[in-house]
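Q: Could you walk me through this structure, starting with what you need to define?

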Amino acid sequence: MKACSFDASMKARIKRALRKHANVTDEYCAINGEYVAWVIVSDGVPDVCVLATIAHKLDGKTMALFAKPEETRLAALKYVPRYLELTRQGGARGLKGIAFVIDQEADSLDNLKGSVQKALKEVAVKLEEEEGGTVPARLWKYRATWGSEAFSFVVAVNGLGERDRNHTIEDHLLSALKIEDSDDDPKRKWDSLRNRQNEAFDLIGEKPELYCPQQYYALKALERSKRAKRSKRLIRRLT
């Protein structure tokens, strides 16, 4: 995947993760003629760096278009119709789908899943869960529709297991560094490791399926999606 920052403020964050690799495009109009997949990051800066690293590892032809709304967590889902509209307006060759990445935090997985479905229903996105096949825990795959637009929608929930306290992306980063038994809050511990953060991104870049399986397979599912078609004129309009 080719990393593209929809929000120019994220360009530096993506470039940091991909500092050894290709340039990062921060112009949304660069999607013209591309197959695109939106990656909605609902939480913090490390999420952007991790996902950009994974997208680069996949090395496909799809443009991974990163978006981080001001609203966090479930509130970020209200922008899904806007991103669908922008895909058409930007002249994309086709839409592969949308990935939504969120920390589990204190929610149960069942409650979080229901909340995601409810938030999408409120913006008129209809979901049909895909069944069958082997997928990692904390990864949900859907066939979605909004008006006349059909697309894949995948949800990756950050966290490694029941023993994690907060179930955040920092759990994955600390695991890559073999720091798994710290009593510190994962976010505070990660912030204290300034001199090792690039090392963690590099390790994830080498083996994303090991350290970040649900995030890796979420993006991989979009890269392989066969639902991408040249965007049709959308019937539904934003109000």
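A: Buried means under 20% relative accessible area, exposed over 50%, and partly exposed in between, with a 1.4 Å probe and protein chains only. By that rule, 51% of the 239 residues of the protein count as buried. This is a predicted model, in which local features need pLDDT of at least 70 and side-chain atom pairs count only at pLDDT 80 or more, whereas totals for chains, interfaces and linings use all residues. Residues are numbered from 1 along each chain as its sequence is written, and side-chain values use heavy atoms, with hydrogens and water left out.

Q: How many helices and strands are there?

A: The protein has nine helices and seven strands, taken as DSSP runs (H or I of at least four residues for helices, E of at least two for strands) and numbered from the N terminus.

Q: Which residues have the most contacts inside the largest nonpolar core?

A: They are Met 1, Val 50, Phe 66, Ile 204 and Leu 219, in a core of 36 residues; such a core is a set of buried Ala, Val, Leu, Ile, Met, Phe, Trp, Tyr and Cys residues joined through side-chain atoms within 4.5 Å. Its largest share, eight residues, comes from α2. Apart from that core lies another of 31 residues, including Trp 140 and Phe 151.

Q: And α5, how many of its residues are buried?

A: Eight of the eight residues of α5 are buried, so this helix is largely enclosed by the rest of the structure. After α5 comes Lys 178, with a positive phi near 65 degrees.

Q: Switching topic, how many salt bridges are there?

A: The count comes to eight, where a salt bridge is a side-chain nitrogen of Lys or Arg within 4 Å of a carboxyl oxygen of Asp or Glu. In one of them, Lys 187 meets Asp 103 at 3.7 Å, N to O. Lys 187 lies in helix α6 and Asp 103 in strand β4, so the pair ties together parts that are 84 residues apart in sequence.

Q: Is Asp 103 buried or exposed?

A: Asp 103 is buried, with a relative accessible area of 0%, while Lys 187 counts as partly exposed at 32%.

Q: What about disulfides, how many does a search find?

A: A search of the whole structure finds zero, a disulfide being a pair of cysteine sulfur atoms within 2.5 Å. Cys 49 counts as buried at 1% relative accessibility, and Cys 212 counts as buried at 0%.
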